[in-house]
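Me: I have not looked at this structure before. Please take me through it in short questions and answers.

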Amino acid sequence: MPSSGLVIVAERLTIRPGATVTLDPGTVMKFVQYGAIYLSGTLISNGTEASPVILTSFLDDTAGGDTNGDGAATTPTPEYWSGVFTSGTFQQTFTSIRYT
């Protein structure tokens, strides 16, 4: 998985015990409906004020562009994706979690 740029999560992202995933400034992760992160290891989200990390809906055109290519035909809604389920460590700096 790339550590920065646009990342599409098609179902779930599982981070197992002992594993560490680091998201660099400017990373946008878009989740399809009911997508989620299952975190038993470590997730480090290193956003900055100028370049935050954004975890959001696949339908969110304001972050990472119009990923589904439909213009304004669809808009994100609360609870579109399932969120982050953690029994591990989630370190966040300048991280925005939207539409979960």
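Me: Is strand β6 largely enclosed by the rest of the structure or left open, and how many of the 5 residues are buried?
Reply: The model is a predicted one. A residue counts as buried under 20% relative accessible area. Strand β6 covers residues 42–46, and it is largely enclosed by the rest of the structure because the buried residues number 4 of the 5.

Me: In β5, which residue is the bridge partner of L13?
Reply: Strand β5 (residues 36–39) runs parallel to β2, and 4 bridges join the two. Within that pairing, L13 has as its bridge partner I37.

Me: How many salt bridges does a search of the whole structure find, and how far apart are the closest N and O atoms?
Reply: The search finds 1 salt bridge. D60 forms this salt bridge with R98. The pair links distant parts of the chain, with D60 in the loop between β7 (53–57) and β8 and R98 in the segment after β10 (95–97), 38 residues apart. The closest N and O atoms are 3.0 Å apart.

Me: Which residue joins its side chain to that of D60 by a polar contact of 2.7 Å?
Reply: The residue lies in strand β7 and is buried, with a relative accessible area of 0%. Beyond four places away in sequence, the residues it touches include F31, W81 and R98. The side chain in the 2.7 Å polar contact with D60 is that of T56.

Me: What is the angle between the planes of F31 and W81?
Reply: The structure holds 2 aromatic pairs. F31 and W81 form one that is stacked, with 3.9 Å centre to centre. F31 lies in strand β4 (residues 28–31) and W81 in the loop between β7 and β8, so the pair ties together parts that are 50 residues apart in sequence. The angle between the planes is 5°.

Me: Are F31 and W81 buried or exposed, and at what values?
Reply: Buried means under 20% relative accessible area. F31 counts as buried at 0%. W81 is buried too, with a relative accessible area of 1%.

Me: Why is the pair of Y38 and F85 stacked, and what is the relative accessibility of F85?
Reply: The ring centres of Y38 and F85 are 5.1 Å apart and their planes stand at 15°, so the pair is stacked. Y38 lies in strand β5 and F85 in strand β8, so parts 47 residues apart in sequence are tied together. Y38 is partly exposed at 31%. F85 counts as partly exposed, with a relative accessibility of 39%.

Key
Residues are numbered from 1 along each chain as its sequence is written. This is a predicted model: local features need pLDDT of at least 70, side-chain atom pairs count only at pLDDT 80 or more; totals for chains, interfaces and linings use all residues. Side-chain values use heavy atoms; hydrogens and water are left out. Buried means under 20% relative accessible area, exposed over 50%, partly exposed in between (1.4 Å probe, protein chains only). Two strands pair if DSSP finds at least two bridges between them. A salt bridge is a side-chain nitrogen of Lys or Arg within 4 Å of a carboxyl oxygen of Asp or Glu. A polar contact is a pair of N or O atoms within 3.5 Å; within protein, one must be able to donate a hydrogen and the other to accept it, and residues adjacent in sequence count only if both atoms are side-chain atoms. Contact means heavy atoms within 4.5 Å. Rings of Phe, Tyr and Trp (its six-membered ring) pair if their centres lie within 6.5 Å; planes under 30 degrees apart count as stacked, over 60 as edge-to-face and the rest as tilted.
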